[in-house]
Amino acid sequence: MTTLGLAPVFLIIVPLTAAFLAVVAPWPRVLVIGAVPLMLALTVALVMSVWRDGPISIAIGGWQAPLGIELAAGGLAASFLATTTVVMTIIVLVALPAFGNRHGETRTGWAFWPLAFMMWAALNAVFLSGDLFNIYVAIEFLTLATLALVALEGKAGTIEAAMRYAIFALFGSLAYLLGVVLLYAAHGTLDLDLLAAATKGDSASLVGAALITAGLAAKTALFPFHAWLPPAHAGAPAPASAMLSALVPKASFFVLVQFWFVVMPEAAGPLFVQLIGVLGAAAILYGSLLAIRQTRLKRLIAYSTVAQIGYLFLVFPLAGGDSAAQPWSAGAWTGAMLQAIAHALAKGAMFLAAGLVVEAAGHDRLSAVHGLARTMPITAFTFALSSVTLMGLPPSGGFVAKYLMLTSAFASGQIVWALVILTGGLLAAAYLFRVLAPTFLRSAKARADIGAVRQALPLTLAATSILLGLLSAQPFEFLQIGRPQAATGGLQ
Amino acid sequence: MSLAALFTVVFTSAGLFFFIAGAVGMIRFPDMHSRLHALTKADNLGLGLIVIGVMPQVDRPVTALKLVFIWALALVASAVTAQLLARSAAPPDLCEDG
Amino acid sequence: MIGPAFDLLLALIVIAVALAATLGRDNFGAVVFFIVYGSLLAVAWTRLGAVDVALAEAAIGAGLTGLLLVGALARLSRLEVFSPKPPGAGARALCALTAASVAAVVAYALTGLDPDGGGLTETVAADLDRSGVQNPVTAVLLNFRGYDTLLESIVLLVVLVGVWSLAQDRHWGGAPGLAQHARPDGVLATFARALPPIGLLIGVYVVWVGTSEPGGAFQGATILAAVWLLAAMAGLTDAPSVTRRSVRVIVIAGPALFLAIGTVGALAGTFLALPPDHAKRLIQVIEAGLTISIAATLALLVLGFPQRAPP
Amino acid sequence: MTDWLLIIAALTLVSVAAALWRVASGPTTVDRMMGAQLVGTSGVAILILLAPTSRSGWAALDVAVVLALLAAFASIAFVKAVSRDGRGDPEEDA
Amino acid sequence: MTGLETSTIFAYCGAALIGIGIYGFLVRRHMIRRLIAFNVIGSGVFLLFGATGARQPDLGVDPVPQALIITGLVVALAATALVVALTVRYAHLTKRATLREDLPDEQGGS
């Protein structure tokens, strides 16, 4: 096997090893310096391999499905893995000063690192997995690491947020697991590709699919299961918030897309895809309206996540069901995936920048951003660039994503979704200007001085989200590698 | 019916009798200490008789040994818990949830 | 005829116990019912012929989860927590309707299943002699789907980090839970001195037979954890400080060893490959490592976060 | 013989239902624990009765071993929890 | 699956347990009670899984569900332990073992 072929498994092995070491000894600096370059190299290797040779498939332990577990990475998985690598790299670099254990080991300084590396491993495990039960274990792994990070501050509010999240997450995992059980009972396999090949008109498969969808929707915080998200994402320490908001919901969304576009595309009836679309639209509008009303910086950003996640679900009415066979489906599907990536980059940048602002101001009321353009211009610029992506303005990645979805909505004659996308953009402008406009006000005095390097790190993420729009042709092409061709008949 | 089968029938029935007697005692006896007494009867005698009753059916000597071991374990555990529970001055109820 | 009658009776009792555990007003009664529930389920698993699961259910459901919940409820009641009003009759009826419809839909899904579906039984049997072990469940857990098991052992670790991180900052470096004590010559202490050797024997036996007969690392580790907790409850031993390097090495050792063996395979070409000639030995090594780490982790999880200042 | 053992097991199960009544009605928590203890022992007895009838052979006996070993633990956790300071034992308080 | 075999009886028993657990999960407020309900649902799912794997008595129980159930039991125990710890810590801080019902943000700002 070539070195390139080893990249996927080492994307799991390396962060796990780092997590083990982080449990034993509080030396994050060494771990970050050791693990980050390796992860970047492995990601480049994986992306190049997928780009050159197409989708990768690995039978773990040499046992082929259905007996064993197979890992798989096409363009979509590789893109999400690469996004994770970029976002996590910046996050761990930003987190080093705060959780550096410079004066001996502290509680948070110790706990943050195993959790961060385990979360990284869990995300990669979800994106690579080609087995329904293995995905269950990986998602539980991710959920429990998330839960611990949400509670890390140790205040009553953050622990309550963690408990609320736990209630949704536990319910979601059981629903997903029950769905998996029913699918296995009906077809005797857990492998995504083998399940895709099986005929699935029976009651167990349909009930299983519904349960899997409900479970994953609860974990992705799709409206009306969103109530846990804002307190959880806003209450965590800023680097953790960045992971939670930028990456964690993408994992369950990724599985949902795999499930509906690879495993059971034929079961996505018109009523189902429209229902999911309505929930996504509700999330966009409701999340945006609540974001406008927030008075705290991190809460506002968290509600923006509720809204931005809503866009992802428009992939179902635009590219699923009847639309799957239509010419516009590729654009809509790719647009939604680009939205996931662009949002990950922009939201990661925004939460990290917010963390710096909170650190400088000593509080997280919206007034913390007053005068930012003068006191912390790099951070103000980070806010501005990520806002461009979140609003969907050219030339950002968010623009390309929303533009692709918009044109598909028009092409398919589903004007309602186009209106929702446009309204969502206007509402995003409304809540983001509440952050951006005051940066030019006269400022209150900042309490702490934040170095230029620490400010520049989130900026690179925001800049990457813009770059995604400028280079949109290559990402578009890359996402098509191994894209499920749902339009092969059997559509309702 | 073979002798071994008859043996099993007699002893398992006797064991069952003590379990039922213990359960009836649990329901009928008025105070906690006499209920505890009923419990230990079922634990010790009921389980013991059933172990003896199943003995002729074993496949290997080691299984018989295991059966005796289970009985001994249950005997010790029940003696300890009975002792501790009897001494424990517990509040009537810890807390309620609607 | 007798078989199904027994099963039906057992199923009804299990359902009644589950109802009591969820419907009863008394919290402590609910926990007691839940412990009972675990032992009844162990019987149900035995009836189904899934003895490996029955062992796990007896050790986890009836054993460790019971310890965890009894301890937690006692701590909460000492804090005299606030009890909210129960939801109104209308809300309860709506919840009951939701729950009943989910159960009905699941039951409907079951009616559509092929009554002869054999799953992967034959596939596993066909490759069993290349797995290195004779117990098919162990073969699936440690070889065919060893990757799941690797991740699962790390899930326990992530939870341990999460639980410890709930300590107050001033307690960081202290030992988990509270110091326990008992009358040194009392029944409890005597029992706790006598039982560990027996428990150790049973735990190791359950792990050991796991390669050929029902049993394995998880069941054995749970038993070991429970026995150690008994000694801790009797004040005979105490949990070590969470900052002790040795404790941390013990909790990661098993998963790290498993990962290391998998990585060697990856460097040789296949992640987590166990060559058939060495599979048995490797599985035994992995199981031994996992047993130690899982037993330590589970025991520490039940004790909870540090509540004592470092000495 | 299989049928006979199953009949005895089923009837032991009926006695479990009686013990459950005690768990449900209390009145004290000690009564509930006692009921649970009886259910645990009955479970051990049922497993012993099932072992010769089970498809998996006498392996079911190992489940009985584990249950017998761990059945006492919940009661011990309980008596400790209700002791004076929540971490002692009833014999200290006496 | 229909009829009166061991596997069928316990498969439907599993479905019933899932329903009972969901009711408890929705109605109960005390976190320990919710955890019990969560575990009841979980055991229902596992029982259903194991029972559907035992449909052919002459083949024995499918070892794959058995292995996955053992994995699932451990994951459920881990989740339970974490939520118990969260609840105890929360009760230390607030004297509550239940979540507040109102969500301040949804009414606007906090």
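# Rings, patches and burial

Analyst: A:Phe133 and A:Tyr136 share helix 5 (residues 132-150) of chain A, three residues apart, about one turn of the helix. The model is predicted.

User: How many aromatic pairs are there over all chains?
Analyst: The whole structure holds 27 aromatic pairs. One of them is A:Phe133 with A:Tyr136, at 5.4 Å centre to centre and 40° between the planes.

User: What makes the pair of A:Phe133 and A:Tyr136 tilted?
Analyst: Start with distance. The centres lie 5.4 Å apart, and pairing needs centres within 6.5 Å. Then the angle. Stacked needs planes under 30 degrees apart and edge-to-face needs over 60. The planes of A:Phe133 and A:Tyr136 stand at 40°, so the pair falls in the remaining class, tilted.

User: Are A:Phe133 and A:Tyr136 buried or exposed?
Analyst: Both A:Phe133 and A:Tyr136 are buried.

User: Why is the pair of C:Phe28 and D:Phe78 called tilted?
Analyst: Its ring centres are 5.0 Å apart, and its planes meet at 45°.

User: Which helices and chains hold C:Phe28 and D:Phe78?
Analyst: C:Phe28 belongs to helix 2 (residues 27-48) of chain C, and D:Phe78 to helix 3 (residues 60-81) of chain D, so the pair joins two chains.

User: How do you know whether C:Phe28 is buried or exposed?
Analyst: Its relative accessibility is 0%. Buried means under 20%, so C:Phe28 counts as buried. D:Phe78 also has 0% and counts as buried.

User: Which rings are linked into a cluster?
Analyst: Ring pairs join A:Phe253, A:Phe259, A:Trp260, A:Phe261, A:Phe272, A:Phe313 and A:Phe316.

User: Where does the charged end of A:Lys402 sit?
Analyst: The charged end of A:Lys402 sits over the ring of A:Tyr311, 4.6 Å from the ring centre. The distance limit is 6 Å, so 4.6 Å passes. A:Arg483 sits over the ring of A:Trp333 in like manner, with its charged end 5.4 Å from the centre.

User: Which residues form the nonpolar patch on the surface?
Analyst: A:Phe410, A:Ile415, A:Leu419 and A:Leu422 do, with about 380 Å² of accessible area together. Helix 19 (residues 415-436) of chain A gives the most, with three residues.

User: What makes A:Ile415 partly exposed?
Analyst: A:Ile415 lies in helix 19 of chain A. Its relative accessible area is 40%.

User: Why is A:Phe171 called partly exposed?
Analyst: A:Phe171 is in helix 6 (residues 156-187) of chain A. Its relative accessible area is 31%. That value lies between the 20% and 50% limits, so the label is partly exposed. From A:Phe171 to A:Lys347 it is 176 residues in sequence and 27 Å in space, C-alpha to C-alpha.

User: Why is C:Asp127 called buried?
Analyst: C:Asp127 has a relative accessible area of 19%. The cut-off is under 20%, so C:Asp127 is buried. It lies in helix 5 (residues 121-127) of chain C.

User: What joins the side chains of C:Asp127 and C:Arg130?
Analyst: A polar contact of 3.0 Å joins them.

User: How many helices and strands does chain C have?
Analyst: Chain C has eleven helices and zero strands. Of its 311 residues, 64% count as buried. Its C-alpha atoms fill a box of roughly 60 × 55 × 35 Å along the principal axes.

Note on methods: Residues are numbered from 1 along each chain as its sequence is written. Chains are lettered from A and ligands numbered from 1 in the order in which they are written. This is a predicted model: local features need pLDDT of at least 70, side-chain atom pairs count only at pLDDT 80 or more; totals for chains, interfaces and linings use all residues. Side-chain values use heavy atoms; hydrogens and water are left out. Rings of Phe, Tyr and Trp (its six-membered ring) pair if their centres lie within 6.5 Å; planes under 30 degrees apart count as stacked, over 60 as edge-to-face and the rest as tilted. Helices (H or I, at least four residues) and strands (E, at least two) are DSSP runs, numbered from the N terminus. Buried means under 20% relative accessible area, exposed over 50%, partly exposed in between (1.4 Å probe, protein chains only). A charge sits over a ring if NZ of Lys or CZ of Arg is within 6 Å of the ring centre and within 35 degrees of the ring normal. Patches are made of residues with over 30% relative accessible area and no salt bridge: like charges are joined within 9 Å, nonpolar side chains (Val, Leu, Ile, Met, Phe, Trp, Tyr) within 5 Å. Accessible areas come from the Shrake-Rupley method with a 1.4 Å probe; for residues, only the protein chains shown count as cover. A salt bridge is a side-chain nitrogen of Lys or Arg within 4 Å of a carboxyl oxygen of Asp or Glu. A polar contact is a pair of N or O atoms within 3.5 Å; within protein, one must be able to donate a hydrogen and the other to accept it, and residues adjacent in sequence count only if both atoms are side-chain atoms.
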